[in-house]
Amino acid sequence: MTRNRTPRVAVVGAGIAGLAAAAFAARAGTRVTLLERVSEPGGRARTRASGRFRFNMGPHALYRGGPAEAVLTELGISPQGAPPDISRGLGFADGRLHVLPGGPLSLMTTTLLGAREKAELGAVLARFPRLDPAPYLNTTLDAFLRETFRTERLRSIFAALVRLSTYTHAPGAISAGTAIAQVQSGLGSGVRYLDRGWQPMVDAMAEVAEKAGVEIRAGARVRSIERGGVLEVVLREGERIPVDAVVLAMGPAEASALVAGGSDPVLAEQVDRALPVRAACLEVGLSKLPDPRRPFALGIDVPTYVSLHSAAARGLAPEGGALFHAARYLAPDEKPDRDDVQAQLEGQLDALQPGWRDHVEEQTLLLDVPVAHAVPTAAMGGLAGRPRVDALAERHPGVLLAGDWIGPQGWLADASFASGRDAGRAAAAMARSGSHG
């Protein structure tokens with residue numbers, strides 16, 4: 001590397017992880033180019049305006065007190081929003097609605113459980129905040145449920161809490177330790193729905209990055225990462241960008257395709273073993289809310305969720321209107337049928353909000369929404385088994401990784417924020433060292 005020039009870093013992918021990586025690399029004194037193949041940054045965190053409503057790409061929630069908030073604080077960003085009120089939550093089971101047991105009163109009054117089951121669940125919930133997840137990292141959720149609960153109904157209630165907290169419907173694969181920690185976070189600090197969706201947060205991250213000197217290039221499609229005399233990012237049109245370090249902020253299949261023609265063993269292994277986290281989502285904008293007393297319902301014997309996001313987050317719906325996300329958590333290999341999914345989710349809205357169809361302004365079914373790239377499985381020991389940001393460094397010096405499948409910290413967006421920050425800092429350190437140019 002020539003010592004009289006500013007070290008150069010490229011970040012490929014301008015989702016949350018890429019925006020964070022670019023901002024932290026630039027703040028560390030490097031010249032950063034952020035390459036995004038579509039027309040605007042944000043990835044799956046973008047918010048879509050439709051009529052008088054603003055829809056995230058499926059139901060989004062920001063965990064309070066986690067890595068995401070820590071990274072945003074470091075960047076000087078404070079997203080506005082509020083926690084949802086689940087004190088009036090209901091549960092779908094046996095084709096009807098029941099009070100969802102979330103506290104002593106609701107546990108006592110719910111018709112989901114018999115007397116002995118209520119006592120057993122109450123005892124588990126009382127000690128659950130102190131439960132150490134570590135011994136269960138290599139245990140599947142299915143195995144943990146069989147060990148912990150005596151009846152299928154109790155297992156189904158806890159499995160529903162796991163789906164709600166992790167967005168994951170893979171009880172035979174997900175690490176119970178990871179699931180326990182995520183449920184503890186949800187029941188402890190909780191989550192926030194963000195005002196006007198996640199777009200203001202994305203816009204703020206892009207602004208922070210640009211103020212730090214990041215060049216954001218939209219519509220830039222990368223063909224490969226190559227090393228001849230220098231490390232280069234090669235674009236589809238043939239342009240070559242020489243860099244001192246590069247962060248690949250994307251999924252395992254996309255990253256693998258760019259590195260060594262798909263032959264890197266670490267990335268090839270991730271592609272082979274990754275179980276994607278997916279959901280189907282019915283987005284509904286109503287001119288009027290039929291029953292404000294019923295904002296939330298969770299599927300107990302079906303993997304579903306319905307939530308009134310506009311009750312907590314401002315700016316999602318017009319005054320007097322309402323915005324619902326109804327979702328079905330999909331198994332990793334599930335092939336959802338559009339008519340079946342739509343009928344199921346509309347039927348659950350019928351049960352929760354009778355008369356909602358009379359007030360529809362906007363309605364869209366997203367049949368297969370990518371939520372995260374890889375389930376943290378028991379076989380890999382949960383989050384600790386994910387690749388580190390520098391997992392490629394030995395074979396491909398200067399090439400780093402970021403995304404929701406990278407690093408030992410956090411799940412979902414928390415992982416994207418944490419790995420993006422760590423990869424950006426590592427890229428800047430590599431670039432400044434001059435050992436990879």
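This is a short walk through one predicted protein chain, from its overall build down to a few single residues.

Okay, housekeeping before anything else. Since the model is predicted, local features need pLDDT of at least 70 and side-chain atom pairs count only at pLDDT 80 or more, while totals for chains, interfaces and linings use all residues. Residues are numbered from 1 along each chain as its sequence is written, and side-chain values use heavy atoms, with hydrogens and water left out.

So, the overall build. The chain has 12 helices and 20 strands; these are DSSP runs numbered from the N terminus, H or I of at least four residues for helices and E of at least two for strands. How does the radius of gyration sit against a compact globule? For 437 residues the globule value would be near 22 Å, and the chain has 22 Å, which agrees. That radius is taken over C-alpha atoms, and the rule is 2.2 Å times the number of residues to the power 0.38. Along the principal axes, the C-alpha atoms fill a box of roughly 75 × 50 × 40 Å.

Now burial: 56% of the 437 residues count as buried. Buried means under 20% relative accessible area, exposed means over 50%, and partly exposed is in between, with a 1.4 Å probe and protein chains only. The accessible surface is about 17500 Å², and 51% of that belongs to carbon and sulfur atoms. Those areas come from the Shrake-Rupley method with a 1.4 Å probe, and for residues only the protein chains shown count as cover.

On contacts, meaning heavy atoms within 4.5 Å, take the ones between residues at least 6 apart in sequence: 71% of them join residues at least 24 apart.

Charges next. There are 48 positive and 46 negative side chains, and the centres of the two sets lie 3 Å apart. Lys and Arg are the positives, Asp and Glu the negatives, with His and the chain ends not counted; each charge is placed at NZ of Lys, CZ of Arg, CG of Asp or CD of Glu.

Let's go inside. A nonpolar core here is a set of buried Ala, Val, Leu, Ile, Met, Phe, Trp, Tyr and Cys residues joined through side-chain atoms within 4.5 Å. The largest one has 68 residues, and those touching the most other members are Val11, Met205, Ile225, Val233, Val246, Leu248 and Phe417. Helix α1, residues 16-27, gives the largest share of this core, 10 residues. Apart from it lies another core of 49 residues, including Leu107, Leu154, Ile174 and Val371.

Which residues does Met205 touch, leaving aside neighbours within four places in sequence? Met205 is in contact with Ile16, Leu19, Ala20, Leu72, Leu75, Ile77 and Phe417. Ala206 lies in helix α8, residues 199-211, and is buried at 9% relative accessible area. With the four-place neighbours set aside, Ala206 contacts Leu19, Pro41 and Ile216. Ala206 and Ala22 are 184 residues apart in sequence, yet 9.2 Å apart C-alpha to C-alpha.

A few more pairs like that. Gly66, in the loop between β5 (62-63) and α2 (67-74), is buried at 14%. Its C-alpha is 7.5 Å from that of Gly410, 344 residues apart along the chain. Pro332 sits in the loop between β18 (322-330) and α11 (338-352), with its C-alpha 6.9 Å from that of Ala170, 162 residues apart along the chain. Not counting residues up to four places away, Pro332 touches His169, Ala170, Leu275, Pro276 and Arg278.

Gly285 is in strand β15, residues 277-286, and has a relative accessible area of 0%, so it counts as buried. Beyond four places in sequence, its contacts are Phe53, Phe55, Ala322, His359, Val360, Glu361 and Glu362.

Ala260, in the loop between α9 (252-258) and α10 (265-273), is partly exposed at 38%.

That's my tour; happy to go back to any of the views.
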